[in-house]
Amino acid sequence: MNLKDCYIKFGGDFDEVLGRLRREQIVQKFMYKFLDDKSFHLFEASVENKDYEEALRAVHTLKGICQNLSFTRLFESSSLVTNALKENDYNKAVDMMPQLSNDYCQIINKVKEYKRSREE
């Protein structure tokens, strides 16, 4: 699997990110760094603790990272959750968590798969 295929599989826009970051090596570097980002996990923990201010900060951070890396599908779901939290519609935000979690897991799994294929 090449980098473009990886992006296609998780619902990203490879051409957009390549236009922004210019080189595949840089895209790959930041895509790998995403594996260590704690925003999603902080968001989940904050919602569980009903700390919606912290949840908003975490999901907004996640949204920004996704926008910069052209993780389109995850950007869209994190945007919806961000908007719900900004509007203090906590039930709506919680209802959207399964989609956000699914989108996040798809990226993590595909990036790990891509990374393993490069190391072999």
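Biologist: Why is K4 called partly exposed?

Modeller: K4 has a relative accessible area of 36%. Buried means under 20%, exposed over 50% and partly exposed in between (1.4 Å probe, protein chains only), so K4 counts as partly exposed. This is a predicted model, in which local features need pLDDT of at least 70 and side-chain atom pairs pLDDT 80 or more, while totals for chains, interfaces and linings use all residues. Residues are numbered from 1 along each chain as its sequence is written, and side-chain values use heavy atoms, leaving out hydrogens and water.

Biologist: What makes K4 and D15 a salt bridge?

Modeller: Their side chains meet at 3.6 Å, N to O. A salt bridge requires a side-chain nitrogen of Lys or Arg within 4 Å of a carboxyl oxygen of Asp or Glu, so the pair qualifies. K4 lies in helix α1 (residues 3–10) and D15 in helix α2 (residues 14–21), so the pair ties together parts eleven residues apart in sequence. Helices here are DSSP runs (H or I, at least four residues), numbered from the N terminus.

Biologist: How many salt bridges does the rule give, and what separates R20 from E16?

Modeller: The count is four. One of them joins R20 and E16 at 3.3 Å, N to O; the two are four residues apart in helix α2, so about one helical turn separates them. Both R20 and E16 are partly exposed, at 38% each.

Biologist: What makes K110 and E113 a salt bridge?

Modeller: Their N to O value is 3.2 Å, so the pair also meets the 4 Å rule. Both residues lie in helix α7 (residues 90–119), three residues apart.
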